[in-house]
Amino acid sequence: MDRLRETDITYLKGVGPSRAKLLGEELGIRSFYDLLYHFPSHYVDRSRFYSIRSLSQDMPMVQIRGRFISFTVQGEGAKTRLIGLFTDGTGTMEVVWFRRIKAIREQLRTATDYVIFGKPSEFSGHWSMVHPEIDSPQKAETTKGLRGVYPLTEKLRNRGITSRTIFNLVQTLIETRLSHVTDPLPDDLRRRLRLMDKREALIAIHNPHDSQQLVKAKERLKFEELFYLQLNILSYSRRRAMRIGGRRFTTIGTFFNSFYSQCLPFELTGAQKRVIKEIRRDMNSGRQMNRLLQGDVGSGKTLVALLCMLIALDNGYQACLMAPTEILATQHFETLSGLASKIGINIKLLTGSTPKKQRDLIHQQLTDGSLHILIGTHAVIEDNVQFANLGFVVIDEQHRFGVAQRAKLWKKNAIPPHVLVMTATPIPRTLAMTLYGDLDVSVIDELPPGRKPVTTLLRYEDKRLDVYRSIARQVKQGRQVYIVYPLIKENEKSDLKSLEEGYEQICETFRGFRVAYVHGKMKPAEKDAQMNIFASHRADILVATTVIEVGVNVPNATIMVIENAERFGLSQLHQLRGRVGRGEGQSYCILMTKPQIAADTRKRLSIMTSTTDGFLVAEADLKLRGPGDLEGTLQSGLALDLHIANLATDGQLIQLARDEAEKILDADPALTSSPNLSLAREMHAIFDKAIDWSMIS
Ligand code: ADP
Ligand code: MG
């Protein structure tokens, strides 16, 4: 494979410097390897031959073997055409060309066997075919079966490079160079998983005998691609684990036990218990924990975080919880200090607006070790914040936190603290395995008992008055309402205008109700003030943009209206919906759209009305839009350049690849034993330049 990677495409027969330049610029094909891995987008059936006598009008593309009897040029100027009279012994057919007449005429002979391939058409008893593909019978025989059709660009087509040109180049490459390819996958693995041989798969992906062989070839190539990916991620995380030790939290002591027996306001759900066990195991493993905790909104992640922080305290360490906004940090502080008030721990809040005096006190208590738990925003990672003994860090809603910021936190100690990252953005497991490659993943897949699922409704513009009536009804019953406008790019003027108009319209419609207003362009202090007005029920309605998406907890809010819902992605809609349904009252999420929406938009929105399960929503989103678009999951700088595997649909293969990669690394962590050397080489060739996994951990 290395040689194919290193050989410039110019050296292939049929490719000169100018074609090489075109292929490079238009398709990124620069080496033999690139060409071999330029896979077809679909296939045409060249497995059987037809006779002219048996043709019928409704036939798709067919291939016919025969000879040209004569060639004539007809018409003039733009209407000039070349007509070849073609026979296969059962009948005759006119083959017509409108372009490249001279070149084609020079290539073709009478009394020579050819195979033509194209769409036959009939006009008053005469068959014809326009611009067919033409092969020698020998070529048609060796490439019998399905033939790859390749993605092209307009420019390539204009320069006379067709899908067939690519096919022929690939065939030349296969004939002349593919004997060099040895299979890097260990025999044992290949046999166990019944994977096709690599060489056979590379031939078959371009030119399979039949669809069954194609399926096996695809499976083999996808597996291999995913396998290197997992091997790379896992060996990175193992290297890191070896380099960095972890503190051992061996005891469960008074803090945990007395909280558990005296303060726990309810029985933990099974999922919460399971996750705490998983985290405990990590904390006592001697390695630094890096765990992603996924749990739908309202699944009770905060309590899990608190219990784990208490374990850190029991082992003589401090803990810290970091949230993306001041409001969230404050809410966490209030919840946690309320819960833990009876057990005598010192919890403090540090944000940008903490007064100097309080700040000084916090700094002092952190360094003398008398402060147990620090909760805050980015302020907690400022350089002057020093801990005596930081052992455990919780990061809430991690996609709002940059990698660099997290790294800064780790550097606060010689031995970095255990890290628990929490997110309510559900990410399908197999995708998380890849995107958050070296984080272990825990999932809370169960909501606390007694929750009433939010009822989600799709409403067109013409039902606006009804919607307003329901809002008024709820507010009169003492409930609160969110109305969210799309302001996707916070600088879009027209969006801002619609938000402002919306706000005015709401104030107008609901005279007598108190309306608060918040968007991302406001100064943080102003934003927080408005949010607080709503959170403390000094406003009935909050008109907002998606700034409210993360974390805000107002259990009294029972209606979430989303304007122009068609402009939001599913996971964003799901996040917004999670703002209601947090209290006792039945809650509603109303998706407002204009009356005319495309069928696929309606389908997308109907996922929201049919389930409240965040993982189902995320899976559906992933299938509909592909992984590249998943909000909140992809971090910048991460471009997975997959040739054939699809993170959205190849979940099973991802799992298989991961399991096999684990096995190999268990037996040979540095990939130095002889059957694994070629794996290591391939892996490095693919990834060394492409992705720096340390950037996304
Ligand atoms: P999230 O996972 O979205 O951060 P929270 O931790 O804020 O969810 O929990 C949501 C609500 O559920 C809180 O009011 C919390 O007190 C409550 N809660 C958490 N765990 C349980 C449980 N086991 N039983 C009942 N209520 C719970
Ligand atoms: Mg939360």
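Start by selecting what covers the buried residues of helix α11: the cover includes α13 (301-314) and α14 (326-339), where contact means heavy atoms within 4.5 Å. Helices (H or I, at least four residues) and strands (E, at least two) are DSSP runs, numbered from the N terminus. Now pick α11 itself, residues 254-263, and colour Phe 255, Phe 256, Ser 258, Phe 259 and Cys 263, which are buried; that means under 20% relative accessible area, with a 1.4 Å probe and protein chains only.

A quick note on what's on your screen. This is a predicted model, in which local features need pLDDT of at least 70 and side-chain atom pairs count only at pLDDT 80 or more, while totals for chains, interfaces and linings use all residues. Residues are numbered from 1 along each chain as its sequence is written, chains are lettered from A and ligands numbered from 1 in the order in which they are written, and side-chain values use heavy atoms, leaving out hydrogens and water.

Next, zoom out. The protein chain has 25 helices and 22 strands, and its C-alpha trace spans about 100 × 70 × 40 Å along the principal axes. Of its 697 residues, 53% count as buried.

Now show the open sheet of 6 strands, ordered β17-β22-β21-β18-β20-β19 with parallel pairing; two strands pair if DSSP finds at least two bridges between them. At the edges you'll find β17 (455-460) and β19 (515-518), each with a single partner strand, so one side of each has no neighbour in the sheet. From one strand to the next, the twist averages 20°.

Stay with β17: its parallel pairing with β22 (residues 588-593) runs over 6 bridges. Click Thr 456 and you'll see Cys 589 of β22 standing opposite.

Angles run from 0 to 180 degrees between N-to-C directions, and axes are lines fitted to C-alpha atoms, for helices over the stretch in contact. Then bring in α20 (residues 524-535), which packs on the sheet and touches β18, β19, β20 and β21.

Last stop: α21 (residues 570-577) and α22 (residues 599-610), packed at about 30° with axes 10 Å apart. That makes the two helices roughly parallel, a label for angles under 35 degrees. Show side chains: Leu 570, Leu 573, His 574 and Arg 577 in α21 meet Arg 604, Leu 605, Ile 607 and Met 608 in α22.

How values were computed. Angles under 35 degrees count as roughly parallel, over 145 as roughly antiparallel, 65 to 115 as roughly perpendicular and the rest as oblique. Buried means under 20% relative accessible area, exposed over 50%, partly exposed in between (1.4 Å probe, protein chains only).
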